[in-house]
Amino acid sequence: MSFLLEVSDLEKSFGGVKAVNGVSFGVKKNTIFSVIGPNGAGKTTLFNLLTGIDKPDSGSILFNGKQLVGMPPYKIASHGISRTFQNLQIFFNMTVLENVMVGCHRLGKASMISAILCLPSTLNEEKVMEEKAIEALEFCGMADLMDLASDSLPYGQLKKLEIARALASEPALVLLDEPAAGLNDTETVELSQLITKIVDKGITVLLVEHNMGLVMDISDEVLVLNYGELLAQGIPSVIQKDPKVIAAYLGEE
Amino acid sequence: MRLLGLGIFALVIAILPILFPENYYITVVGVTMFFHAILAVGLNLFMGYAGQISLGHAAFFGMGAYSSAILTTKFGWNPWLAMGAGALLVWCISYLVARPILRLKGHYLAMATLGFGIIIHIFLVQYDTLTGGPDGLSSIPELTILGWPINTDLRWYYFAAIVMLLSILFSLNLVASRHGRALQAVHGSEVAAQMMGIDTSKVKVHIFVISAVMAAITGSLFAHEQAFISPDSCSFFFSIELVTMVVLGGMASTFGAVFGAAILTYLPEFLVVFQDFKVLIFGGILMFIMIFLPEGLFVGLRKIVSYLRQGRKECLSS
Amino acid sequence: MRMYEQLLQYLITGITVGSAYALVGLGFAIIYNASDVVNFAQGEFVMIGAMSAIFLHAAGVPYVVALALAVLITVAVGMALEKFAIEPARNASVVSTIIITIGASILLRGAALLIWGKDIYGLKPFTGEQTIHLGPATLLPQNLWVMGGTAISVLLVKYFFDHTRTGKAILACSYNKKAAYLVGINVKKMLLISYGLSACLGAIAGILIAPITFFTYNAGVMLGLKGFSAAILGGMGNPMGAVAGGLMLGLLESIGAGLISSGYKDAIAFIIILLVLFFKPSGLFGKSAGERV
């Protein structure tokens, strides 16, 4: 069984603190893989390592067989990995549609000269990108908002916008960083439906979440981190019954 | 839509000297305004769209101007080749400085560009055997296009206008493209931009170099138009004027930059009436606009207009 | 023997000029700490202090009173700047605030131009012009006043921040305005005091060096810029670092002018800015910051 994403012996320290300590796992194609753990377990650090924002001290990250360690974030993204952010990183200086069109960036090839001179290659590209962006917005049920200024949207919509933007680049793997944070029950149900739709399209999803209901509901596989180490890994029903996991979250008796 | 605006603008510029012939404010000050507009449009790409700061752009203007002046007066070069050489020089220098400087952000970036600008200025003043020192260089030969000399106010007016309109067009095209969105993404959130596959340092370097070369070419044109160049034209104060044009007009708006350039070119002309109060009033206006209309005049005026329109509607309905 | 003689002279000049830079840099650091603003009008505080002193004295006001009044006038200007320009624009972007203080600098220069014209003026030295011989070097009594005055001012400022309630309250504001507000500190008043203090230091620098350097309406510009260089060298936001930076800058300029060329000496301050920002943006004594994603 070959993995889309294969992480081996990942290590990262900040000062004297070991944020990620020898973590290894594999994500199969077209699945929902969730990473959970108590606060401070190293989930966000793991995400930052996977996306190149931080460099691991040692270990390897293979994506479709390609080594990602040492690559700058923009290069990793250009290989077909996209991401949403826990603390929204929306481009508030642009409209909803423009935000998503930035997501299409890696699909474009026309040069700056072509853009400045408004050559056909740019014009064609613009049309294609706009179509793809609108598609992504429709997929997330936001197409009617596309011309609005992004800073006029409420929080829940902004979280969906990030997802639409991440999908616009036609990635193979999407990393969702606490997508349910701050959402109410209705919005969370919408979110789980959306994520399932994403996987149905053929995209693989790697999820970091605190919302246990959501995680156990939709995940194909769950990985539990604690103090930077892999505590347990398996299908949701097994993880939920694992005594080590329960102890980590609720404390020892 | 924007092209329509550009077209109307071009039309207005074209007929003004015909409607008001021999008018100093149109032909002479107008040329200066066109040069300022090109500078502002270029700087606006860097500051307004990409969200960076430069307090030293006058240095690039000066380097272009002095390259043209020195190569034509001291070495007898063809003015167009000299302009090209100046642009190439600035291209190289701005590229070299770009990477280390653009790692900085906010205040630090501002101070670094300020330092760079002043160092260049000091060099231009001190290296007087080459640059003529504080007195500058004069007798800069005129520009000719295929044998046709640009040697009257009117010819300079139309020539500068064409260059300006082209710069505006190129800027509008760039902004409406994938690259333009990449610029704005860098401003919006560098980390998110990177996750979209945008090499943010490359983007910043490229736009810095583009705006620097635009400034250099404008400098060369200025040198030929004035037939004279001195360090006074490219001092720290001029860098500040350029930044003010961009901010005053409204950042992230090509026409805003042109608007800002227009205001900052004509305002001192009108303030001359106030003689000794001129500097004081200028500073006051600057402060007032930045404190109460921080998004710039262009956006600010638009808001005032729509606010007034709303008010009128409410009056009519009641 | 020549080398040593020259070196001592450079040292004296360097520390004198450096003291002025130190005071300007210190004032600049205080404002930056308190309000996150790069105050381009800092140099104008120096100019206003010097010019006011010169003119009050020339108008017949007793010498010491003129000096004191000059400082008070500058403090008033500094506080007015805070109240009418900085306070209303407290949520503005970095570029906006930069332009506001630049506007203030232009406004103050315009006012100076109006009141005092373009001429150059000097101030009578505090205690006469009898040259003092220090080995092979010479100095004026005013040099000693500059060095001593600066040292005392710096020590008083340090005491103020370390040991007085108001000083500590201002520090609290610079670390976290909201938290300071929540524990009952009147943040607005603290900002006002910071600007006043900063202006006071600028004015002191002005009246200390006015007898040595001549002043005119735009003499503050370069002083302000070099004060920034001092603050950056010492580490943005580190007041004592700014003082050290100022002294170092003064010495480097003096030695540079002597050994290389006096024409290019102004460039030293700005080369320092670039070098520091390229290689160690936190300065010699500052802390580095990071960004959380």
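What follows is a chat about a predicted model, taking in chains A, B and C.

Visitor: Let's start with chain C. How many helices and strands are there in chain C?

Guide: Chain C has 11 helices and 2 strands. Along the sequence they run α-α-α-α-β-β-α-α-α-α-α-α-α.

Visitor: And what does the C-alpha trace of chain C span along its principal axes?

Guide: About 60 × 50 × 35 Å. The radius of gyration is 19 Å, which agrees with the value near 19 Å that a compact globule of 293 residues would have.

Visitor: What percentage of the residues of chain C count as buried?

Guide: Of its 293 residues, 53% count as buried. As for contacts in chain C between residues at least 6 apart in sequence, 76% of them join residues at least 24 apart.

Visitor: Switching to the contact with chain B. How many residues does the contact take from chain B and from chain C?

Guide: Chain B puts in 32 residues and chain C puts in 35 residues.

Visitor: Which elements give two or more residues to the chain B side?

Guide: Those are α5 (106–126), α11 (236–249) and α13 (278–292) of chain B. Of the elements on that side, α5(B) gives the most, with 12 residues.

Visitor: How do the residues on that side of chain B divide into nonpolar, polar and charged?

Guide: The side of chain B that touches chain C has 24 nonpolar, 7 polar and 1 charged.

Visitor: Staying in chain B, where is Phe277(B)?

Guide: Phe277(B) is in the loop between α12 (254–271) and α13 of chain B.

Visitor: Why is Phe277(B) called partly exposed?

Guide: Because 15 other C-beta atoms lie within 10 Å of Phe277(B), and a residue needs 20 or more to be buried, or 12 or fewer to be exposed.

Visitor: How far apart are Phe277(B) and Gly86(B) in space?

Guide: They are 38 Å apart, C-alpha to C-alpha, and 191 residues apart in sequence.

Visitor: New topic: chain A. What does the domain assignment give?

Guide: The assignment gives domain 1 (1–80 + 171–253) and domain 2 (93–168) of chain A. Their C-alpha centres lie 27 Å apart, and the contact takes 10 residues from domain 1 of chain A and 8 residues from domain 2 of chain A.

Visitor: Which helices each supply at least two residues on the domain 1 side?

Guide: In chain A, α2 (73–78) and α7 (185–200) each do that on the side of domain 1 that touches domain 2. The largest share, 3 residues, comes from α7(A). By type, that side of domain 1 of chain A divides into 7 nonpolar, 2 polar and 1 charged.

Terms used:
Residues are numbered from 1 along each chain as its sequence is written. Chains are lettered from A and ligands numbered from 1 in the order in which they are written. This is a predicted model: local features need pLDDT of at least 70, side-chain atom pairs count only at pLDDT 80 or more; totals for chains, interfaces and linings use all residues. Two residues are in contact if their C-beta atoms, placed from the backbone, lie within 7 Å. Helices (H or I, at least four residues) and strands (E, at least two) are DSSP runs, numbered from the N terminus. Ala, Val, Leu, Ile, Met, Phe, Trp, Tyr, Cys and Pro count as nonpolar, Asp, Glu, Lys and Arg as charged, and the others, Gly among them, as polar. The radius of gyration is taken over C-alpha atoms; the globule rule is 2.2 Å times the number of residues to the power 0.38. Domain bounds come from an automatic or database domain assignment.
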